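Please open the model in your viewer and keep the sequence panel beside it. The tour below goes from one selection to the next.

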Amino acid sequence: MVKITKEAALRYHSEGRPGKIEIVPTKPYNTQADLSLAYSPEVAEPCLEIQKNPETVYDYTDKGNLVAVISNGTAVLGLGNIGAMSGKPVMEGKALLFKIYAGIDVFDIEIDEKDPDKFIEAVKAIAPTFGGINLEDIKAPECFEIEDRLKAELDIPVMHDDQHGTAIISAAGLLNALEVAGKKIEDVRIVVNGAGASATSCTKLYVALGARKENILMLDSKGVITSDLPNLTPNKQMFATERRDVHTLEEAIKGADVFLGLSKGNVLTQDMVRSMAENPIVFALANPTPEISYEEAKASRPDVLISTGRSDYPNQINNVIGFPYIFRGALDTRAKAINEEMKLAAVHAIADLAKQPVPEVVNETYHVDNFTFGPDYFIPKPVDPRLITHVSMAVAKAAMSSGVARKQITDWEGYEVHLRQLMGQESKLTRQLYDTARRHPQRVVFAEAIHPSMLKAAVLAKEEGICQPVLLGNDEAIRKMAKQLDLSLDGIEIINLRHPNEEARRVRYAHILADKRARQGANFQEANDKMFERNYFGMMMVETGDADAFITGLYTKYSNTIKVAKEVIGIQPGYNHFGTMHILNSNKGTYFIADTLINRHPDPDTLIDVARLTAKSVEFFNHKPVMAMLSYSNFGSDEKGSPEKVHEAVTYMQKEYPHLDIDGEMQMKFALNRKLRDELYPFTRLKGKKVNTLVFPNLSSANAAYQLMQGMNNDMEIIGPIQMGLNKPIHFTDHEASVRDIVNITAVAVIDAYVDKKKKQINKL
């Protein structure tokens with residue numbers, strides 16, 4: 001765990017713009033007309049519509065995506081009653097988590113009022129602003145009354161996350177820990193150390209899932225809560241025991257199956273853990289110091305299943321796994337409440353998710369090969385991108401089935417896509433690529449199957465239904481790695497090109513290549529030697545029709561791959577060069593950038609080929625190309641060096657392709673700023689048009705540009721490099737490509753192969 005100093009924490013919150021959140025406009029505001037629509041006088045129209053029909057407030061305002069995080073600062077983290085204003089950094093932090101994990105807007109509201117009646121009245125008075133209310137850091141027992149009354153008196157979702165968030169996540173963890181331990185919830189003995197809001201809410205939810213009250217012992221700071229104690233609060237009375245022979249934690253925990261700690265650090269000893277039943281479950285959730293450390297619990301006995309509230313140990317009970325998605329599902333159905341059915345739906349959705357194969361992004365974040373359901377992984381990680389769909393959809397369905405939803409969702413597949421797009425997990429373009437590839441799956445060769453990322457991508461591409469993978473490499477090594485990564489190779493062909501069984505194919509490929517390149521000095525022996533190289537062999541599979549597409553690039557130098565591609569596949573007729581482009585999906589639109597990989601120092605002829613290929617490729621992706629050819633000068637202002645080359649290429653393109661929207665050379669700012677370009681250069685062919693395609697003057701600038709944009713914008717999706725101009729679908733990856741990057745390229749390769757086949761069929765007719 002990284003050690004963070006006090007100074008670093010204060011600097012994080014104060015540097016630059018103080019705080020952690022801001023308000024961002026969602027509508028245009030640049031013109032007088034925009035401002036008239038945003039405010040006076042035209043804003044009156046939605047006001048009048050809402051007056052006629054209050055439900056339309058969800059159509060004309062942000063109410064349906066706006067949550068209030070409200071606190072009076074009486075129980076802030078482990079700091080206690082520090083006051084409303086002092087708790088504001090925590091509330092801002094909660095707002096940040098809502099936004100980054102579920103796309104929910106938040107106003108944090110700190111109410112300086114400890115009297116429950118006055119606090120409730122204040123919240124009720126501002127409730128019309130919001131689609132939901134998250135109560136936070138309010139001390140017990142007042143928090144119970146506040147939540148109960150607000151839930152009863154308001155018609156929007158209200159949840160005290162300190163109670164229910166911890167309860168939902170720990171309940172999901174408990175169900176899975178019990179499964180790992182081979183126990184049933186109705187049979188286990190549970191000890192709860194702590195009797196505050198979180199502890200009582202957790203215990204109530206465990207009972208709802210099947211735990212028996214007679215099997216539960218709850219302790220407060222004075223010991224075991226027994227029914228004969230005076231002045232018990234209603235929540236303590238609910239879990240008071242009739243037993244009179246247990247008073248201390250040491251006595252209570254003997255033979256127990258489950259320990260739930262929501263109290264203070266270092267109260268559970270190793271001897272106490274040793275006294276528990278076989279395969280004990282220990283949830284030590286006090287933060288930052290748990291009731292027993294992970295190391296001490298594991299040292300006490302090897303069969304212990306342990307969770308803490310800390311991120312540096314396995315099975316973290318983290319509320320962020322629940323509350324963003326619970327509110328997401330509630331908001332999207334315009335629910336009147338968050339009820340027990342919705343909470344239980346969240347529990348089961350979270351528990352089920354931990355049993356499914358883990359996305360590669362999770363493994364990469366935690367630097368492991370593969371999380372697998374078991375003692376060290378029975379709760380999903382907070383970064384798991386599937387939480388937004390699994391939990392939100394489960395909660396939304398429960399809201400509808402339990403009768404609290406005011407809006408019905410009927411297209412669940414569309415809703416799932418919407419949630420992924422909301423969080424930037426999937427763009428419309430990516431969705432189209434995958435859908436098209438699934439309709440026409442092709443046989444794709446993965447050259448570097450011994451690379452973990454390539455192997456995972458091939459398996460994932462098959463699971464996605466977009467291709468039939470063929471893996472090149474040592475079959476024993478590939479199967480060994482697949483076993484280590486817990487990947488199924490069922491139905492996937494592996495070709496060990498060095499195996500004696502492949503000799504006949506190598507010889508056949510060598511003869512074909514030698515004959516094809518006889519006039520370039522090739523001979524059979526040289527070609528036969530080359531067939532022991534995966535790029536030659538794999539590309540020959542595509543060249544001969546034994547496969548439809550080929551993916552390479554994680555290990556191989558680009559220069560070598562380019563050389564092999566030219567020899568084996570060749571460049572499309574009518575072109576002397578080929579290139580690559582990247583697609584950038586951003587909140588400002590989709591952009592196509594070329595040439596990002598192949599041509600280091602292009603001359604005018606190369607730039608012309610790149611421009612032609614790029615225009616054709618942009619059309620391939622169902623976009624109309626509006627192209628700017630870039631340089632550091634504008635429209636002939638510099639007549640030497642790279643501007644001259646670009647200017648010459650533009651002149652040719654405009655003459656030969658009069659209907660193509662292309663111009664240059666121009667600086668980047670004029671390419672992207674339509675208004676500035678039109679004012680200063682009204683003669684341009686691009687007047688009034690938004691540029692979506694950028695052709696750079698050389699490889700360095702193109703490659704640096706897309707990597708700069710990628711590095712500075714975490715929300716940007718980048719697909720590529722996409723090969724343009726070879727005779728067959730041969731595609732390359734970046735050396736640092738992620739698994740998802742490779743799968744994206746695979747989808748492109750599949751579509752490329754399918755379109756290539758269709759063209760050849762048409763040409764035969």
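This is a predicted model: local features need pLDDT of at least 70, side-chain atom pairs count only at pLDDT 80 or more; totals for chains, interfaces and linings use all residues.

How are H8 and H9 oriented to each other? Select residues 161–181 for helix H8 and residues 197–208 for helix H9. Their axes lie 8 Å apart and the helices pack at an angle of about 45°. An angle under 35 degrees would count as roughly parallel and one of 65 to 115 as roughly perpendicular, so H8 and H9 are oblique to each other. The crossing of H8 and H9 is right-handed.

Next, show the side chains where the two helices meet. On the H8 side, select Asp162, Gln163, His164, Thr166, Ala167, Ile168, Ser170, Ala171 and Leu174. On the H9 side, select Ala197, Ser198, Ser201, Cys202, Leu205 and Tyr206. The residues of this contact between H8 and H9 divide into eight nonpolar, six polar and one charged.

Now move to Thr61, which sits in the loop between helix H4 (57–60) and strand S1 (66–71).

Last, look at cysteines. Select Cys47, which is partly exposed with a relative accessible area of 49%. Then select Cys467, which is buried with a relative accessible area of 5%. How many disulfides are there? With a pair of cysteine sulfur atoms required to be within 2.5 Å, the count comes to zero.

Notes
Residues are numbered from 1 along each chain as its sequence is written. Side-chain values use heavy atoms; hydrogens and water are left out. Buried means under 20% relative accessible area, exposed over 50%, partly exposed in between (1.4 Å probe, protein chains only). Axes are lines fitted to C-alpha atoms, for helices over the stretch in contact, and angles run from 0 to 180 degrees between N-to-C directions. Helices (H or I, at least four residues) and strands (E, at least two) are DSSP runs, numbered from the N terminus. Angles under 35 degrees count as roughly parallel, over 145 as roughly antiparallel, 65 to 115 as roughly perpendicular and the rest as oblique. A crossing is left-handed if the near helix is turned anticlockwise from the far one by less than a right angle, and right-handed if clockwise. Contact means heavy atoms within 4.5 Å. Ala, Val, Leu, Ile, Met, Phe, Trp, Tyr, Cys and Pro count as nonpolar, Asp, Glu, Lys and Arg as charged, and the others, Gly among them, as polar.
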